[in-house]
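Opening the notebook on a new model today. I want the overall layout, then the charged pairs, then the packing.

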Amino acid sequence: MRLTSSADSELWMPVTGSLGLRGRRHRKAAVRMLMAQANASLGHDSRPGSRVGAWLASQAIPLAMRKADGRVLAWTWKADPELVVAMAMAQELTPQLRVARASMPMEYDDTENFPTPLGVGEKLLMPTPPNPASPPSATYTWDTGTHLITLNAVSGDRERFGTVERALDDLARSIRIADDLTAGESDVLRLPPA
């Protein structure tokens, strides 16, 4: 299963498909923010060589995402790439994945219904996670029966995380399944939700 999106290019800078110089600054800033969040959650300050590591990762990530062939899409906030990073993923819904989802901690039960063209999914906002070292985040999920589609967004700034909620909702609504069908191969008519 492959994903596509019509994300607002005025707000979001795509990481997926941005090779070379195009989007390099945004990729590097987003990777640096994610590495800082990971270090903070482990109780470490920024480590020596973090800037070099962020640069190396920012060069390798687009190539890895290209190999994912549409199963992973990623964006950074265009005005401030360290404010929020969002990543959409399609995973085959295996029994192990179902068990992992059912075993999540109680705070993950505070979801609300979120209707989109993919169907009615779930939205979970965690602007102030229980662990103070954890970054604020938003998660959108859709169960298609065979696949789990997830959009995860992580922020580097607790105070400003709420300012991007509406843009994250719009980004989630822009995600679609890319069918590899040519004309005449299918008799399925897809309608948007009512």
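My entries follow, from the whole chain down to single residues.

**Ground rules.** I am working with a predicted model, so noted: local features need pLDDT of at least 70, side-chain atom pairs count only at pLDDT 80 or more, and totals for chains, interfaces and linings use all residues. Residues are numbered from 1 along each chain as its sequence is written, and side-chain values use heavy atoms, with hydrogens and water left out.

**Layout.** I count 4 helices and 9 strands in the protein. These are DSSP runs numbered from the N terminus, helices being H or I of at least four residues and strands E of at least two. Reading from the N terminus, I get the order β-β-α-α-β-β-α-β-β-β-β-α-β.

**Surface and contacts.** The protein exposes about 11400 Å², and carbon and sulfur atoms supply 55% of that area. The areas come from the Shrake-Rupley method with a 1.4 Å probe; for residues, only the protein chains shown count as cover. Of the 194 residues, 36% are buried. I use buried for under 20% relative accessible area, exposed for over 50%, and partly exposed for in between (1.4 Å probe, protein chains only). I also looked at contacts, meaning heavy atoms within 4.5 Å. Taking those between residues at least 6 apart in sequence, 64% join residues at least 24 apart.

**Salt bridges.** How many salt bridges does a search of the whole structure find? It finds 7, each one a side-chain nitrogen of Lys or Arg within 4 Å of a carboxyl oxygen of Asp or Glu.

- I checked Arg101 and Glu122 and found their side chains paired at 3.8 Å, N to O. This pair links distant parts of the chain, with Arg101 in helix α3 (residues 95–102) and Glu122 in strand β6 (residues 119–126), 21 residues apart. Arg101 is partly exposed at 32% relative accessible area, and Glu122 is partly exposed at 32%.
- I checked Lys123 next: it bridges to Asp169, with the closest N and O atoms 3.0 Å apart. Here too the link is between distant parts of the chain, from Lys123 in strand β6 to Asp169 in helix α4 (residues 165–173), 46 residues apart. Buried or exposed? Lys123 is buried at 4% relative accessible area, and Asp169 is buried at 11%.
- Arg173 pairs with Asp170, closest N and O atoms 3.5 Å apart. Both lie in helix α4, 3 residues apart, about one turn of the helix. I have Arg173 as partly exposed at 35% and Asp170 as partly exposed at 44%.
- I also found Asp80, Asp157 and Arg160 joined into one network by salt bridges that share partners.

**Core.** Which residues have the most contacts inside the largest nonpolar core? Trp12, Trp75, Ala86, Tyr140, Trp142, Leu151 and Leu168 do, in a core of 25 residues. Such a core is a set of buried Ala, Val, Leu, Ile, Met, Phe, Trp, Tyr and Cys residues joined through side-chain atoms within 4.5 Å. Strands β3 (72–77), β4 (84–92), β7 (137–143) and β8, along with helix α4, each supply at least two of its residues. I followed Leu168: beyond four places in sequence, its contacts are Trp12, Ala86, Ala138, Tyr140, Leu151, Ala153 and Phe161.

**His147.** Last stop: His147 is in strand β8 (residues 147–155). It is buried, at 18% relative accessible area. Leaving aside neighbours within four places, I list Met1, Gln91, Glu92, Leu93 and Trp142 as its contacts.
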